[in-house]
Amino acid sequence: MTGPAASGQRIEWESLPEQVRAAVEGWLGSPVVSATTQPGGFSPGVASRLVAADGRRVFVKAVSASPNPDSPRFHRREIRIASAMPESAPVPNLLWSLDQGGDGWVVLVYEDIEGRHPALPWVPEELDRVLGALEQLSVSLTPSPVSEDVADSVVRWLQRYGQGWNRLLEDPLPGLDHWTQRHLMGLATLEGRASAAAKGDTLLHFDTRADNVLLTDDRVYFVDWPHARLGQSWVDVVFFAPSVAMQGGPKPEELLMRHAAGRAAEPHAVSAVIAAVAGFFTLQSLQPPSPGIPGIRRFQAAQGEIARNWLADREDRPGGLLFIRGGQQQGRRGAMS
């Protein structure tokens with residue numbers, strides 16, 4: 001079992017407006033003779049490996065406001081972040097971009113990496129490579145080479161999006177499991193501590209999943225950077241862990257302990273961020289379908305369930321009581337259901 005697929009509604013290169021294709025070919029200086037759509041990822045737009053008549057190869061991603069009005073904003077943010085990346089980072093080089101403004105097309109052209117996504121279910125050797133590369137990535141991006149004005153911070157993201165349990169307290173939605181309903185107040189309290197716990201000066205990918213990783217024979221590349229944020233280096237592995245477990249890898253706590261910064265992190269700080277992750281995925285999974293991204297709610301629901309179980313497991317450990325209600329620590333009552 002590998003869980004729901006990370007996939008959106010891809011648009012073929014040939015379906016792009018003629019003027020957009022002409023602009024890319026004008027920059028290339030050669031017509032495109034081959035375009036291969038890449039299926040992984042949630043972006044509801046073009047994601048194609050192009051070959052030009054002169055033999056040049058590039059990777060192109062492009063979106064407009066249709067069908068998803070948020071997609072151009074993410075691509076615009078990725079342009080700013082990718083443009084500021086140091087050449088030494090294990091990130092494909094952004095070669096050129098086009099922004100038509102408003103609801104128009106936003107296009108990014110990257111160097112084409114002759115790599116592949118990790119196999120799913122996860123293969124231990126490949127997961128070891130990715131974890132090692134994630135550690136090296138955090139070292140090379142501390143302090144962040146990108147200013148907070150460009151990448152923003154995890155703290156601001158948590159203040160805006162990491163309050164899922166508090167929002168569910170204010171506006172309960174159907175579909176919550178019994179364990180969550182019993183502990184909702186404590187979960188809301190715990191996620192409120194995440195902002196202070198996650199504050200740091202490492203540039204994080206903040207959306208690490210198998211479909212955002214490329215493996216070559218000798219390198220690991222991290223792709224798709226629109227969500228990059230500044231925070232503690234271990235935050236990336238906390239966000240990564242639910243998708244790994246969902247896609248046939250080890251349990252989240254095991255993955256965390258295989259990451260140097262994760263092992264060194266203060267346990268209660270980690271628990272606070274896990275709570276925010278669980279609340280985000282749980283709340284998002286209960287929202288209406290996202291235009292152009294039909295599978296994302298199932299993907300979020302699966303990760304939310306894993307993150308909730310992760311919290312429950314940590315609560316059962318010695319010294320791991322997490323949920324505070326009425327000034328007293330409250331342990332787990334029964335298994336999740």
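Colleague: How many strands form the open sheet, and in what order do they stand?

Modeller: In a regular strand the side chains alternate between the two faces of the sheet. Here five strands make up an open sheet, in the order β1-β2-β3-β5-β4, with antiparallel pairing. Strands (E, at least two residues) and helices (H or I, at least four residues) are DSSP runs, numbered from the N terminus. Two strands pair if DSSP finds at least two bridges between them. This is a predicted model, in which local features need pLDDT of at least 70, side-chain atom pairs count only at pLDDT 80 or more, and totals for chains, interfaces and linings use all residues. Residues are numbered from 1 along each chain as its sequence is written, and side-chain values use heavy atoms, with hydrogens and water left out.

Colleague: Which strands stand at the edges of the sheet?

Modeller: β1 (32–37) and β4 do; each has a single partner strand, so one side of each is left without a neighbour in the sheet. From one strand to the next, the twist averages 25°. That angle is taken between axes, which are lines fitted to C-alpha atoms, for helices over the stretch in contact; angles run from 0 to 180 degrees between N-to-C directions.

Colleague: How many bridges join β3 to β5?

Modeller: Strand β3 (residues 57–63) runs antiparallel to β5, and six bridges join them. A62 has V107 of β5 opposite. On the pairing of β5 with β4, strand β4 (residues 94–99) and strand β5 (residues 106–111) are antiparallel over five bridges. There, Y110 in β5 is the residue opposite L94. β4 and β5 form a hairpin with six residues between them, and in its turn G101 has a positive phi of about 80°.

Colleague: Which residue has a positive phi although it is not a glycine?

Modeller: D152, with a phi of about 65°. D152 is found in the loop between α4 and α5 (154–161).

Colleague: At what angle do the axes of α12 and α13 cross?

Modeller: Two packed helices are described by the angle between their axes and the distance between the axes. The axes of helix α12 (residues 267–285) and α13 cross at roughly 150° and come within 8 Å. α12 and α13 are therefore roughly antiparallel to each other (angles under 35 degrees count as roughly parallel, over 145 as roughly antiparallel, 65 to 115 as roughly perpendicular and the rest as oblique). Their crossing is left-handed, meaning that the near helix is turned anticlockwise from the far one by less than a right angle; clockwise would be right-handed.

Colleague: How much space lies in the largest cavity, and which residues line it?

Modeller: Rolling a probe the size of a water molecule over the atoms shows where empty space is left. On a 1 Å grid over the protein atoms alone, a cavity is a set of points where a 1.4 Å probe fits but cannot get out, and a pocket is an open set with protein on both sides within 12 Å along at least five of seven lines; lining residues have an atom within 4 Å of a point. Grid points are joined across faces, edges and corners, and a volume is the space filled by probe spheres set on the points. The structure has one cavity of 30 Å³ or more, and the largest cavity holds about 30 Å³ of space. It is lined by L134, L137, S138, T202, L203, L204, S233, D236 and H259. α3 (124–140) and β6 (202–204) are the elements that give two or more residues to this lining.
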